[in-house]
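Here's a quick walk through one protein model, starting with a helix and moving on to the sheet. Have the viewer open as you read.

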Amino acid sequence: MTKATNITWHDSAITKEDRRAQNGHGSVVLWFTGLSGSGKSTIANAVSHELFRQGINEYVLDGDNVRHGLNKDLGFSEADRNENIRRIGEVAKLFVDSGKIVTTAFISPFRSDRETVRALFEEGEFIEVFIDCPLEECERRDPKKLYAKARRGEIKDFTGIDSPYEAPENPEITVRSDQYTVEEAVGQILTHLREKNIL
Ligand SMILES: Nc1ncnc2c1ncn2[C@@H]1O[C@H](COP(=O)(O)OS(=O)(=O)O)[C@@H](OP(=O)(O)O)[C@H]1O
Ligand SMILES: Nc1ncnc2c1ncn2[C@@H]1O[C@H](COP(=O)(O)OP(=O)(O)O)[C@@H](O)[C@H]1O
């Protein structure tokens, strides 16, 4: 038998839909926003654990893996926060293209920055999750003792103290972290994902 020669491998690109089909679930960004101490990292990590336990392809982007690496050149001026969020939005888009559910846990205080990120995505892919907690409660928790430092004037431009936080107007999900437990918050977010047929 003569082997075929001159065969061309048609290298068709693997699409986002192909990756979703292989994973058996949708891919979206859960874009958390809220004050420092509102519970973004705590709830993001709890969501991540539950999704992972269920065999879902997921990843969390937060300050530990972004502000210490990719964005270590950025501080907390308005321009630097704009650039921080812009880059995180682009990275999140790559994760969604790769078929994952990616959760981002950044203050992302400016509405226009969040809307610019939303515009990078297709309808339904950007899920804004407002971790809603009154400033007084965040300050009472003060897990990193940063509010105390900001009140003493040792940190400038601290969100909620001397730098603005613009709450979302129409978030897909609002979690009242002063009224519900972490487990209840995880339940609320997973219910949303099931209702939208992402899981
Ligand atoms: N000036 C000032 N304002 C707010 N936060 C500050 C500041 N300086 C340091 N930190 C710590 O950095 C974390 C916020 O970083 P983010 O990348 O989420 O901020 S932003 O989205 O660019 O506004 C934030 O972490 P979280 O508490 O997890 O929100 C703080 O621990
Ligand atoms: N219902 C809740 N949801 C989230 N965090 C809570 C809740 N109740 C208490 N906490 C505590 O509040 C703190 C929130 O800190 P963190 O998750 O680092 O917030 P952020 O990432 O928004 O700065 C943690 O110490 C956490 O244990």
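## Helix α4

Helices here are DSSP runs of H or I with at least four residues, strands are E runs of at least two, and both are numbered from the N terminus.

How far apart are the end C-alpha atoms of α4? They sit 29 Å apart, which agrees with the 28 Å that the 20 residues of α4 (78-97) should span at 1.5 Å a residue; the expected span is 1.5 Å times one less than the number of residues. After α4 comes G99, with a positive phi near 95 degrees.

## The sheet

Five strands make an open sheet, ordered β2-β3-β1-β4-β5 with parallel pairing; a pair needs at least two DSSP bridges. β2 (58-62) and β5 (173-176) each have a single partner strand, so one side of each lacks a neighbour in the sheet.

Further in, β1 (29-33) and β4 (126-132) run parallel and are joined by 5 bridges. L30 has I127 as its bridge partner in β4.

## About the model

This is a predicted model: local features need pLDDT of at least 70 and side-chain atom pairs pLDDT 80 or more, while totals for chains, interfaces and linings use all residues. Residues are numbered from 1 along each chain as its sequence is written, chains are lettered from A and ligands numbered from 1 in written order, and side-chain values use heavy atoms, leaving out hydrogens and water.
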